[in-house]
Amino acid sequence: MTRILGKKQISQLTFFEYVLGITMGELAGFISTDMESHYFYGVLALLVWFTVPFGFEFLMLKSKKLRRWLEGSGRVLVKEGKVLEDNLKKERLTADELLEQMRTKNVFNVADVEFAVMETNGELSIMLKKDKQPLTASHLGIKTVNEVEPQTVIMDGKYLDEPLATIGLSRGWLNAELEKIGVTVENVFLGQVDAYQQLYVDLYDDKLKVPAPQGKALLLATLKKTQADLELFAVSTRDPEAKQMYDRNSRELAGVIAKLTPMLQG
């Protein structure tokens, strides 16, 4: 029943879900241990406490007012580096408790905070000021690509054919990659293939070392060699049109390499 009611029952509990979880646990305990009462009434009570919240879940999907009434809403505690004391009192938090929650988010200076919101589950969400936020690739003007989820192709020493087919590979390719690093499938506890068709393996014997995948490095080296070859062809040819073509392709490939380098070196 708890599983059907949703994963929030075991993670981000609201007050309503907190009370619901305790009540259902108490009822289950009484049904299991109270030998004098008829178990039917306990089961009936458990079904009621399951059905009513389950119905409320559907209603809350459609009604913002009901969500606000049952779950409450977030409250801003810090704005532009200043603590809002009135909101702090409404949440019945002391300054020490606020600072403690901030420290759990690796924030030690209130002045660095743009917004801090107390969520309905009691967690403090913090947004730092622009100049205090961690440096990212976008700040440096570096373009990145979306990573594709790695596929687990070996587990407990056995092939997983469905993930292999998902990325368009076969057991033959996988066996060839395993031969390169000198292991057999029976010795692999876990094997994953990323978007660049690089195989990562975790062996049963942790003392054995396997070489790191070189797929990205080989691809980058091949691209650079191709670009160097185009430059060489441009210098060595006497045909003006061919020279112009090699120069143009060399420049275009150099641009591609510049864009791919951050990704292939990661």
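## Close-up views of the predicted model

**View A. Glu 91 is partly exposed, at 24% relative accessibility.** In this predicted model, the side chain of Glu 91 meets that of Arg 75 in a salt bridge, with a distance of 2.7 Å from N to O. Arg 75 belongs to strand S1 (residues 75-79), whereas Glu 91 sits in the loop between helix H5 (85-90) and helix H6 (95-104), so the pair ties together parts that are 16 residues apart in sequence. Arg 75 also counts as partly exposed, because its relative accessibility is 27%, and the range for that class runs between 20% and 50%.

**View B. Glu 123 and Lys 105 join their side chains in a salt bridge, at 3.3 Å from N to O.** Glu 123 is found in the loop between strand S3 (113-118) and strand S4 (124-128), and Lys 105 in the loop between H6 and S3, so that this pair ties together parts that are 18 residues apart in sequence. With a relative accessible area of 41%, Glu 123 is partly exposed, and Lys 105, at 38% relative accessibility, counts as partly exposed too.

**View C. Within helix H8 (residues 171-181), Glu 177 and Lys 180 are three residues apart, which means a separation of about one helical turn.** Their side chains meet in a salt bridge with an N to O distance of 3.0 Å. By the rule applied here, the count for the model comes to six salt bridges.

**View D. Four strands make an open sheet in the order S2-S1-S3-S4, and their pairing is antiparallel.** Strand S2 (82-83) and S4 stand at the edges with a single partner strand each, so one side of each is left without a neighbour in the sheet. Strands S3 and S4 run antiparallel and are joined by five bridges; in this part of the sheet, Ala 116 stands opposite Ile 126, a residue of S4. Helix H6 lies across S1, S2, S3 and S4, and runs at about 70° to S4.

View E. Strand S5 (residues 151-155) pairs with strand S7 (residues 188-193) in the antiparallel sense over four bridges, and Ile 154 stands opposite Gly 191 in S7.

**View F. Tyr 39, Phe 40, Tyr 41, Val 43, Leu 44, Leu 47, Val 48, Trp 49 and Val 52 make a nonpolar surface patch of about 880 Å².** One of these residues, Val 48, lies in helix H3, which spans residues 39-62. Val 48 counts as partly exposed because its relative accessibility is 44%, a value that can be set against the requirement of over 30% relative accessible area for residues that make up a patch.

Terms used
Residues are numbered from 1 along each chain as its sequence is written. This is a predicted model: local features need pLDDT of at least 70, side-chain atom pairs count only at pLDDT 80 or more; totals for chains, interfaces and linings use all residues. Side-chain values use heavy atoms; hydrogens and water are left out. Patches are made of residues with over 30% relative accessible area and no salt bridge: like charges are joined within 9 Å, nonpolar side chains (Val, Leu, Ile, Met, Phe, Trp, Tyr) within 5 Å. Accessible areas come from the Shrake-Rupley method with a 1.4 Å probe; for residues, only the protein chains shown count as cover. A salt bridge is a side-chain nitrogen of Lys or Arg within 4 Å of a carboxyl oxygen of Asp or Glu. Helices (H or I, at least four residues) and strands (E, at least two) are DSSP runs, numbered from the N terminus. Buried means under 20% relative accessible area, exposed over 50%, partly exposed in between (1.4 Å probe, protein chains only). Two strands pair if DSSP finds at least two bridges between them. Contact means heavy atoms within 4.5 Å. Axes are lines fitted to C-alpha atoms, for helices over the stretch in contact, and angles run from 0 to 180 degrees between N-to-C directions.
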